[in-house]
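Please keep the sequence and the 3D view open while you read.

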Amino acid sequence: MLTELRIADLGVIAEAVLEPGPGFTAVTGETGAGKTMVVTGLSLLLGGRADSGLVRHGATRCVVEGVWTIDGATADELAELGAEVEDGELLVARQVGRTRSRALLGGVAVPLGTAADIVTRWATIHGQSEQIRLGTADRQREVLDRFAGAEHAVLLERHAAAYAERRAAASEVEELTGAARERARELDLLTFGLNEIKQVDPQPDEDVALGAEAQRLQAVDELRLAAHGAGLALSGDPEAWDDAPTVLGLLAAARKSLEGAVADDPELVPLAARLAEASVLAADVASELASYADRLEAEPARLEWIAERRAALQQLTRKYGASVAEVLQWAADAAERARDLEAGDDRIAELQQRIAVLDEELAQTSAAITAARSEAAAVLAARVKGELSALAMPHARIEFELTPAAVGPHGADQVTLMFTANPGSSPAPLAKAASGGELSRVRLALEVVLAGGATGQTFVFDEVDAGVGGAVALEIGRRLSRLAEHAQVIVVTHLAQVAAFADDHFVVAKASDGQVTTSGINRVDGAARLDELARMMAGLEGSVNAHAHAAELLAAAGH
């Protein structure tokens with residue numbers, strides 16, 4: 001429930017506070033005083049569109065704040081957003097500047113959509129736009145579904161979920177089927193490439209290994225000469241008779257030179273050991289060079305095979321990668337993609353099977369939705385007829401016409417609200433058959449019926465009494481009073497017959513300092529309320545007769 005509304009620098013309102021009670025609150029005032037700004041302020045709290053033109057002349061921004069009483073479950077939800085709740089009350093604020101606007105919940109800035117999702121659970125605004133919207137098929141369907149109850153709402157949610165899944169599955173089937181030719185073409189290309197690679201059967205890093213082997217075989221004579229020359233330098237030629245110095249001979253001479261001196265100076269011991277180690281290493285290298293030279297063979301047949309193998313590998317690297325490693329990676333990726341493409345037909349069959357199941361489910365839920373709507377339509381129409389009769393429309397009646405339609409997210413019905421105000425005439429679509437005043441009363445009658453279980457809700461009506469007066473206005477006041485038994489009702493009105501039924505009465509009053517005209521909101525009671533009602537009826541605030549008439553209105557309203 002809304003316990004306080006503060007408006008600052010919004011339109012003609014410089015600063016004003018409205019403290020509506022839990023029942024029926026009326027807001028009145030002269031034309032142009034700014035009554036509509038109260039509804040505009042509430043609309044901003046509910047996520048309405050912000051317009052910099054709403055900011056009062058001379059101000060940099062306008063601020064609207066509302067204090068709401070909330071339950072424990074909502075408080076826990078708000079705590080997750082970081083919003084502060086004090087004594088079961090939450091401060092909701094909307095700030096609109098010249099270039100930007102923002103929303104706050106419990107002192108914490110939140111996205112506008114988040115604030116709107118939360119606050120719109122608590123309040124509903126019915127203005128001229130809602131009256132126009134009531135003439136649309138979507139809104140008429142929403143009204144009927146709302147009356148059908150909680151179980152119907154759960155059924156609608158289940159139907160909508162199945163419909164969304166069915167739509168997504170059908171879209172995927174269409175995409176897969178439409179791309180069947182492209183998939184087949186791609187699969188052929190991948191299969192050709194995989195077969196070509198399979199025939200060559202490249203091994204990891206084979207191109208590197210073959211390149212190194214080919215280079216060795218092509219240089220076998222140079223390698224043999226190099227090994228032989230190094231061996232001669234190390235150990236000499238055993239078949240030669242010359243005394244040419246060798247590494248091993250020189251190392252032996254060096255060791256022999258140190259043998260006698262080691263005993264005289266221990267410092268030479270490690271040097272002698274290193275010479276011995278060098279001799280061993282040189283002998284090992286000489287032996288391995290000899291063995292290496294013996295193993296070297298020209299192998300022209302092997303060299304020819306390597307050339308052919310490298311040519312086959314190059315055929316692959318020209319198409320599928322710069323190296324054998326990249327070719328093998330392409331093959332792995334292509335094999336996975338081919339499996340996906342081959343699974344396309346299986347996926348289509350799977351989706352088509354799921355669509356068939358969903359179609360059956362949607363047919364069942366659509367039938368159940370239609371049945372629930374038909375049952376609810378008869379009850380709602382009868383109750384609304386009773387309300388319209390009390391609103392000086394004794395012969396008026398409404399009907400909800402359900403026309404079969406293609407299955408959609410809301411079922412398989414086209415819902416049309418039919419209306420007639422005169423006996424003997426056939427009902428016609430509400431938007432065409434009802435005048436402005438009749439449409440206002442139909443909307444109010446619907447709200448009174450629908451609000452039967454809306455405990456704790458806040459309903460805001462802007463000019464609900466447009467186009468009516470006299471006894472009809474009195475009945476509108478009574479109906480709003482009845483609605484206030486179950487919910488908080490805030491009404492902006494220009495009719496005294498409606499305002500008289502309010503539990504709390506506020507007046508938007510204009511004041512001027514000679515340069516700027518502003519408005520404020522004041523609660524009126526007693527004589528002040530009689531003055532306001534008298535002004536609304538005849539424009540005669542001080543008239544004794546007008547006061548007497550105002551007093552009669554209050555008495556008729558039970559005040």
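Helix α6 (residues 150–178) packs against helix α7 (residues 180–200) at an angle of about 55 degrees, and their axes are 4 Å apart. The two helices are therefore oblique to each other, a word for angles that are not under 35 degrees (roughly parallel), over 145 (roughly antiparallel) or 65 to 115 (roughly perpendicular). This is a predicted model, in which local features need pLDDT of at least 70 and side-chain atom pairs count only at pLDDT 80 or more, while totals for chains, interfaces and linings use all residues. Residues are numbered from 1 along each chain as its sequence is written, and side-chain values use heavy atoms, with hydrogens and water left out.

**How helices and strands are named**

- Helices (H or I, at least four residues) and strands (E, at least two) are DSSP runs, numbered from the N terminus.
- Two packed helices are described by the angle between their axes and the distance between the axes.
- Axes are lines fitted to C-alpha atoms, for helices over the stretch in contact, and angles run from 0 to 180 degrees between N-to-C directions.

**α6 and its partners**

- Leu176, Thr177 and Gly178 of α6 meet Ala180, Glu182 and Arg183 of α7, where contact means heavy atoms within 4.5 Å.
- Sorted by class, the contact of α6 with α7 has two nonpolar, two polar and two charged residues.
- In this sorting, Ala, Val, Leu, Ile, Met, Phe, Trp, Tyr, Cys and Pro count as nonpolar, Asp, Glu, Lys and Arg as charged, and the others, Gly among them, as polar.
- The axes of α6 and α13 come within 8 Å and cross at roughly 150 degrees, which makes α6 roughly antiparallel to α13.
- α6 passes α13 in a left-handed crossing; the near helix is turned anticlockwise from the far one by less than a right angle, whereas clockwise would be right-handed.
- The contact of α6 with α13 has 16 nonpolar, seven polar and nine charged residues.

**α9 and α11**

- Helix α9 (residues 220–235) and helix α11 (residues 269–295) pack at about 150 degrees, with their axes 9 Å apart, and that makes α9 roughly antiparallel to α11.
- The crossing of α9 past α11 is left-handed.
- Residues in this contact include Leu223, Ala227 and Leu234 of α9, and Val285, Leu289 and Tyr292 of α11.
- By class, the contact of α9 with α11 has ten nonpolar, two polar and one charged residues.

- Strands of a sheet pair through backbone hydrogen bonds, either parallel or antiparallel.
- Two strands pair if DSSP finds at least two bridges between them.
- Strand β1 (residues 2–10) is joined to β4 by six bridges, and these strands run antiparallel.
- Leucine 2 has tryptophan 68 in β4 as its bridge partner.
- β1 also pairs with strand β2 (residues 13–18), in the antiparallel sense, over five bridges.
- Alanine 16 in β2 is the bridge partner of isoleucine 7, and arginine 6 stands opposite valine 17 in β2.
- β1 and β2 form a hairpin with two residues between them, and glycine 11 in the turn has a positive phi of about 60 degrees.

**The sheet β9-β10-β11**

- Three strands form an open sheet in the order β9-β10-β11, with antiparallel pairing.
- Which are the edge strands? They are β9 (397–408) and β11 (428–429), and each pairs on one side only.
- Strand β10 (residues 411–420) is joined to β11 by two bridges, and methionine 418 stands opposite proline 429 in β11.
- Helix α13 (residues 324–390) lies across β9 and β10, running at about 165 degrees to β9.
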